[in-house]
Amino acid sequence: MVRVVPERFVRALDVFEAVLAATPADRWLSPSPCEGWAAVDVAGHVTAGLLVVEMRAAGRPLPEDDPDWREVAGADPLASWRQVRARMTAELTPEALALPVRLALGLEMTLGEWLEGYPLELLVHAWDLAQATGQSVVFDADLVAPALETARRMAPGGREAGMLGPEVAVPEDADDQARLLALFGRSPAGA
């Protein structure tokens with residue numbers, strides 16, 4: 001049972017924050033690889049994800065509907081992210097990490113176990129934000145390999161539920177980062 005904040009979760013938060021911090025001010029409305037989303041939407045979506053972690057850790061009910069990503073990102077997406085990240089982190093006590101959480105597709109686990117797999121979300125969207133804003137991001141192998149394992153377990157159910165597009169083909173010698181992105185329908189050629 002996980003009683004400390006998973007290190008890979010914290011490192012993946014740092015990866016996303018680094019891309020967010022390096023985003024040029026004139027690129028927030030640039031289109032992202034997520035169809036219909038601009039860079040600011042990606043920032044708001046990922047920040048809203050931290051709000052969900054915070055609510056789960058605090059034992060508060062989740063909202064019925066997704067928020068407006070741009071409202072969550074606010075006028076300064078980096079400042080909004082840092083404020084939400086700090087609040088979320090303060091809620092991640094050993095007791096909170098032991099709380100059971102019910103996830104999409106009928107999965108149930110502890111909050112700590114859920115956060116073990118959460119780097120997947122952060123890494124894929126860090127790449128999306130980097131692509132939208134003219135940046136390059138390369139993930140550490142020890143971050144991307146477990147995220148790829150999680151992705152392989154989740155992708156079939158996610159595709160079946162309509163949450164993921166089709167997998168993109170990659171060369172046989174593709175690295176784990178390219179495989180992870182391709183599994184989630186991203187064309188890793190820009191990676």
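Ser-32 is located in the loop that joins α1 (7–21) to α2 (39–58), helices here being DSSP runs of H or I of at least four residues, numbered from the N terminus. The model is predicted, and local features were taken at pLDDT of at least 70 and side-chain atom pairs at pLDDT 80 or more, whereas totals for chains, interfaces and linings use all residues. Residues are numbered from 1 along each chain as its sequence is written, and side-chain values use heavy atoms, without hydrogens and water.

Ser-32 counts as buried because its relative accessibility is 12%, the limit for buried being under 20% relative accessible area (1.4 Å probe, protein chains only). A polar atom of the Ser-32 side chain lies 3.0 Å from the backbone nitrogen of Cys-34. With residues up to four places away in sequence not counted, Ser-32 touches Trp-37, Ala-38, Ala-39, Val-42, Asp-128 and Ala-132 (contact: heavy atoms within 4.5 Å).

Buried residues of α1 include Phe-9, Leu-13, Phe-16 and Glu-17, and their cover includes α2, α4, α6, α7 and α8.

The largest nonpolar core contains 54 residues, with Leu-92 and Leu-115 having the most contacts inside it; such a core is a set of buried Ala, Val, Leu, Ile, Met, Phe, Trp, Tyr and Cys residues joined through side-chain atoms within 4.5 Å. Helix α7 gives the largest share of this core, nine residues. Apart from neighbours within four places in sequence, Leu-115 contacts Pro-6, Phe-9, Val-53, Leu-92 and Leu-97.

Notes:
Helix = DSSP H or I, 4+ residues; strand = E, 2+ residues; numbered from the N terminus. Buried < 20%, exposed > 50% of the residue type's maximum accessible area, 1.4 Å probe, protein only. Polar contact = N/O pair within 3.5 Å; in protein donor to acceptor, adjacent residues only side chain to side chain.
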